[in-house]
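Student: Could you show me how to read a protein model step by step, with the general idea of each feature and then the case itself?

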Amino acid sequence: MHTEFLMGNEAIAMGAIAAGVNLVCGYPGTPSTEVLETVAKHRPEGTYVEWSVNEKTAMEMAGGAAYGGARALVTMKQMGLNVASDPLMCLSYIGVKGGLVVLVADDPGPISSQTEQDTRRFAAFAKVPVFDPSSAQEAYDMIQEAFALSEAYGMPVFLRPTTRVSHGYASIRVKDPEEYTRTVPEGFVKDSRRWVIFPRLSYQNHIKIEQRNERLAEAFSASPRNFILPAEGKMKDCRRGIATGGFSYTYAMEAREQAGAFPLLKIGNPYPFPEGKAVEFLKDLDEVLCIEELDPVIEQALIYVCGKYGLKTRILGKQTGHMPTAGENTRDSVADAIRLFLGLKAVKPAEDTPPALPVRPPVLCAGCPHRASFYAVKQAMKGQKTIFCGDIGCYTLGNAQPLDMVDTCLCMGAGLGIAQATSHLEPDTACFAFVGDSTFFASAIPGVVNAVYNQASFTLIVLDNSTTAMTGHQPHPGTGRTMMGEIVHCISIENILKGIGVETVETVDPLNHALAVETVRRVSALPGVKAIIFKSPCVVLARPQGRVTIDPEKCIGCRKCIREIGCPGLSFDGKKAVVDPAQCTGCSLCSQICPVQAIAGGEIHA
Amino acid sequence: MRKNIILCGVGGQGTVLASRLISAAAMARGLPVMSAETIGMAQRGGSVFSHLRIGEGIYSPMIARGEADLILGFEPGEAVRMLPWLKEGGQAVVSARPVMPVTSTLSGAAYSAEEMIAYLKEKVANLTIVDTEKALNDVGSPKVLNLILLGAALHAGALGFDETEMRDAILARIPPKFHELNLRALSWAGQQQAAK
């Protein structure tokens with residue numbers, strides 16, 4: 001063993017490697033992405049790693065590997081589990097042979113997600129056991145236990161970190177390579193009575209799953225992952241306790257250091273719920289406050305336990321108004337709630353009125369080609385009745401002022417469905433769906449097939465920056481790189497669209513503003529489904545070294561550059577526009593719209 | 001040693017690397033370290049922070065209100081935003097240069113760095129304001145604000161690590177072709193002191 005400073009997601013990856021993982025696949029999604037990237041970086045010999053095209057494919061890959069006795073890890077964010085839920089639900093019934101760990105990172109807040117859904121809840125729905133780590137160290141240890149448990153019971157197992165666990169760093173104890181487990185899979189063995197899901201098999205397996213989960217609940221009650229800290233010191237007669245799990249455990253423990261050692265129940269396996277351990281905790285307490293994020297999973301489980309075992313303990317939490325129902329917990333919100341619950345004096349924050357602080361919503365980077373694409377469509381469609389359906393990625397930020405070019409955003413690929421439905425019902429509206437290149441491969445292709453076949457009429461705008469930018473620049477089938485380090489043939493978006501039957505597919509550099517506007521005008525006026533691929537690399541990857549300069553003699557201070565495109569590299573000093581050289585990439589979009597040619601330099605895109 | 005440090009600024013300013021360098025120095029001294037930061041969508045020009053906690057007996061990487069020993073502010077307004085986390089008598093090292101939010105550039109709403117700095121001066125006795133324009137000019141790169149600030153904190157005696165420890169962290173964590181530039185930025189504050 002040795003100590004390393006690791007991000008929670010890196011710790012999970014190193015834990016999987018230590019457990020002898022044979023196959024790792026997934027789809028990028030904050031806060032889960034770094035797990036797979038770290039495995040790829042350290043890839044031990046004989047381990048296969050890939051970014052799959054989407055979560056459903058990844059789940060099926062991982063299931064297939066585990067059928068053959070391999071240890072498999074599949075990674076995604078909580079929204080990705082929705083996409084992968086079809087194979088997951090069936091894998092739960094069919095079972096596996098090798099260890100299969102499903103890593104799903106939840107996002108309380110939410111900080112970068114559409115929903116605050118709770119994978120602990122999904123675990124109960126899917127009847128799949130779940131480990132809920134509270135720290136990088138625990139995540140490292142738990143993933144190894146999860147592989148062993150999965151193999152021992154022949155079932156998939158969830159590991160569910162949340163953002164702060166996944167993205168927090170800590171110096172933790174990790175194994176040396178000599179201590180790693182080596183897994184040599186037996187390989188797939190034909191047995192159609194086991195691997196072919198039929199109603200009768202599902203019925204038989206359902207009975208076994210329910211029996212198994214009862215046994216697991218007992219095993220979890222005996223596991224050190226679910227433990228009680230008794231009342232001590234000045235709190236030793238305290239009949240009020242805290243039940244907690246996940247990252248909130250760290251907040252509760254900090255509060256326990258400050259307020260005194262109250263009784264505490266830590267749940268590391270929220271499903272199947274360790275009832276025995278809960279009864280042991282509840283029997284001597286009058287009241288328990290549940291501190292957890294997302295759904296009241298522990299809270300409802302404890303209420304259930306009280307009913308089942310005839311306990312009189314009052315269970316407080318989200319459902320009683322003692323804890324917030326939505327959003328992230330914080331050190332302070334938990335400390336305040338615990339002090340109030342224990343009847344201790346509240347710590348008052350100093351009263352103060354700081355000056356008004358600027359709001360800083362996230363924005364498209366200076367030089368981002370998406371800005372130019374949105375601006376071109378906006379200019380081309382001025383005065384027409386339109387709907388601009390957005391999607392998931394950096395380009396969701398096209399909704400911000402002054403671009404204001406995202407009318408809808410739902411989930412990956414949904415923009416195509418919304419645009420085509422609108423085209424059927426409102427034929428006088430010019431319908432647009434914007435989709436990024438990675439999202440195109442992940443979830444837009446069936447939408448295009450649907451639209452072409454069913455005679456929809458809209459313009460598909462593919463914002464192709466040749467990477468999966470928002471999650472940190474992962475490769476995808478259009479980039480020509482794999483996670484195994486191979487250079488491979490790119491899959492052409494243009495060819496896919498043409499193959500489906502989209503007759504007009506034009507590829508344009510969005511930073512050539514005049515040409516981009518002309519193309520949108522011309523193409524969007526055509527009937528049926530048509531596509532424009534705005535192709536220009538992500539500036540964070542390409543790092544263009546150009547800079548524009550503004551001639552203060554020529555600048556008339558009209559603010560058009562600022563008003564029209566909202567580039568964070570431009571500001572106004574009161575009289576003239578000024579460029580921030582630390583941000584400018586020289587994309588020259590501003591110089592192309594300056595009415596007096598005061599902006600020079602940068603790249604030429606004509 | 002037990003130390004709670006908050007680094008705050010605007011996405012893209014290099015707060016994460018600065019946090020990582022302090023962590024490396026702490027690890028080299030054999031101290032346990034925890035940290036947490038903003039990753040993902042908010043990085044694109046949004047307010048970002050990094051919480052860094054060094055020492056034994058720590059459960060959570062997050063710092064509570066009034067618990068930070070040091071705020072390393074990469075932007076004056078962002079330093080003001082995090083001020084409730086500074087403990088009484090805590091220290092702040094803040095870049096004087098504002099980053100204009102697109103929202104106020106667009107609306108023309110006033111955002112005055114002077115007002116922010118005046119407020120910091122009123123509230124924080126142990127405050128170092130860094131002349132960022134001069135520093136970046138002297139060092140000759142717009143991209144090394146993080147090392148300038150680390151150097152300023154170092155020379156204000158706020159880090160708890162000495163210059164050798166920070167130099168070793170840079171050599172260990174940053175690619176060789178950037179060593180010279182980053183070391184120059186780290187030593188800038190020391191040279192200013194020496195010149196006075």
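Tutor: We will go from the whole chains to single residues.

Tutor: This is a predicted model, in which local features need pLDDT of at least 70 and side-chain atom pairs count only at pLDDT 80 or more, while totals for chains, interfaces and linings use all residues. Residues are numbered from 1 along each chain as its sequence is written, chains are lettered from A and ligands numbered from 1 in the order in which they are written, and side-chain values use heavy atoms, with hydrogens and water left out.

Student: How many helices and strands does chain B have?

Tutor: Helices (H or I, at least four residues) and strands (E, at least two) are DSSP runs, numbered from the N terminus. Chain B has eight helices and six strands, and along the sequence they come in the order β-α-β-β-β-α-β-α-α-β-α-α-α-α. Its radius of gyration is 16 Å, close to the 16 Å that the globule rule gives for 196 residues, so chain B is as compact as a globular protein of that length; the radius is taken over C-alpha atoms, and the rule is 2.2 Å times the number of residues to the power 0.38.

Student: What does the secondary structure of chain A come to?

Tutor: Chain A has 22 helices and 22 strands. With a radius of gyration of 27 Å, close to the 25 Å from the globule rule for 606 residues, chain A is likewise as compact as a globular protein of that length, and its C-alpha trace spans about 80 × 70 × 55 Å along the principal axes.

Student: What share of the residues in each chain is buried?

Tutor: Buried means under 20% relative accessible area, exposed over 50%, and partly exposed in between, with a 1.4 Å probe and protein chains only. Buried residues make up 58% of the 196 residues in chain B, and 59% of the 606 residues of chain A.

Student: Which residues is Ser171(A) in contact with?

Tutor: Contact means heavy atoms within 4.5 Å. Ser171(A), which sits in strand β8 (residues 169–174) of chain A, touches Thr3(A), Glu4(A), Phe5(A), Met27(B), Leu31(B), Pro32(B) and Val33(B), if neighbours within four places in sequence are left aside.

Student: Is His473(A) buried or exposed?

Tutor: His473(A) is buried, with a relative accessible area of 18%. Although His473(A) is not a glycine, its phi is positive, at about 70°, and the residue lies in the loop between β16 (458–464) and α18 (493–500) of chain A.

Student: Where is Arg543(A) placed?

Tutor: Arg543(A) is in the loop between α20 (539–542) and β19 (548–550) of chain A. Its phi is positive, about 45°, although Arg543(A) is not a glycine, and at 56% relative accessibility Arg543(A) counts as exposed.
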